[in-house]
Amino acid sequence: MSIQKYKSVSDMPPPPAAPGQDLADRIRTLWNRAFLLSPPHFVRGVTRFTSTEEADAMRAANEVERMRRSAQQRG
Amino acid sequence: MVDSGAYTRLQQTVVERCPPQRPCYSRVVDALDDALRVIRSFNEAGVDYVVVGGVALNVHGLVRATEDLDVFVRPEVENIARLRQALKAVWSDPDIDGITAADLCGDYPAVRYGPPEGTLYLDILTRLGEMTKFADLEAEEKEIAGVRIRVATPRALYRMKKNTVRAIDRSDALALRRAFQFDEEDGP
């Protein structure tokens, strides 16, 4: 792959897909890599929200707890 | 915005109800298959749904990681019953009975379901504030790995995401605008 130069990160196009990879393969590759790096971490069961803002707040709380537990595991 | 008291309660829920993290490298995972299994079950049960959020972006070719499957569902008693049936076909979990039309058609337009196993949780939505209702949602049919998916159009996703607070939504909106050459002001 030749070298491409950009003046800003925002100008950079998404990386090209590997030759022969269809969309499902591209999704699989990225998602599975993401789950290797950061294992699933979410509340089990049913949780009800009065608004999507509340659901987003719980997602944020979940991220904080994920980081806290990861830091704990690393010691 | 939720107030700090509500946030503290949500945080407590997370601490109490999140099981310990299990590293994925110890077992085979296929997150896409997890999502497709649910969508296939929706199709088979005749659920009236539209996939939105991160999974929808991926379906439109904007590949990014996500750990939730956001689905808008038609807020009708029979449809929510079909939704429960579809989820029970994937997971044998009595908690699924807690997903009710009384909530989704009433005071709780967003219900999150964390299955007992798997890589994804589901956000089940019937409306987004006063802005987006199921009946108004522009959708189309796509296919991924042989599974038919009813998904919000790129323009509908852009409209949903462009004025929201979350950074990831703003980033998604920018990616959609660039990929599909929308005007910045393209709004509802």
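Modeller: Let's start with helix α4 of chain B, where Asn79(B), Ile80(B), Arg82(B), Leu83(B), Ala86(B) and Leu87(B) are buried. A residue is buried if 20 or more other C-beta atoms lie within 10 Å of its own, exposed if 12 or fewer, and partly exposed in between, with C-beta atoms placed from the backbone. Helices (H or I, at least four residues) and strands (E, at least two) are DSSP runs, numbered from the N terminus.

Before going on, a word about what you are looking at. This is a predicted model, in which local features need pLDDT of at least 70 and side-chain atom pairs count only at pLDDT 80 or more, while totals for chains, interfaces and linings use all residues. Residues are numbered from 1 along each chain as its sequence is written, and chains are lettered from A and ligands numbered from 1 in the order in which they are written.

Helix α4(B) covers residues 77-90, and its end C-alpha atoms are 21 Å apart, which agrees with the 20 Å that its 14 residues should span. That expected span is 1.5 Å times one less than the number of residues. The buried residues of α4(B) pack against α2, β2 and α5 (101-104) of chain B. Let's visit two of these partners.

Helix α2(B), residues 31-45, reaches 22 Å from its first C-alpha to its last, close to the 21 Å expected. Its buried residues are Ala31(B), Leu32(B), Ala35(B), Leu36(B), Val38(B), Ile39(B) and Phe42(B). They cover an arc of only 160 degrees, which puts them on the same side of α2(B). After α2(B) comes Gly46(B), with a positive phi near 75 degrees.

Strand β2(B), residues 68-73, pairs with β4(B) in the parallel sense over 5 bridges; two strands pair if DSSP finds at least two bridges between them. Asp70(B) has Asp123(B) of β4(B) as its bridge partner.

Now for the nonpolar core, a set of buried Ala, Val, Leu, Ile, Met, Phe, Trp, Tyr and Cys residues joined through C-beta atoms within 7 Å. The largest one has 60 residues, and Val51(B) and Val71(B) have the most contacts inside it. Helix α2(B) gives the largest share of this core, 7 residues. Not counting residues up to four places away in sequence, Val71(B) touches Tyr49(B), Val50(B), Val51(B), Leu122(B), Ile124(B) and Leu125(B); contact means that two C-beta atoms, placed from the backbone, lie within 7 Å.

Technical notes. Arc of directions from axis to C-beta.
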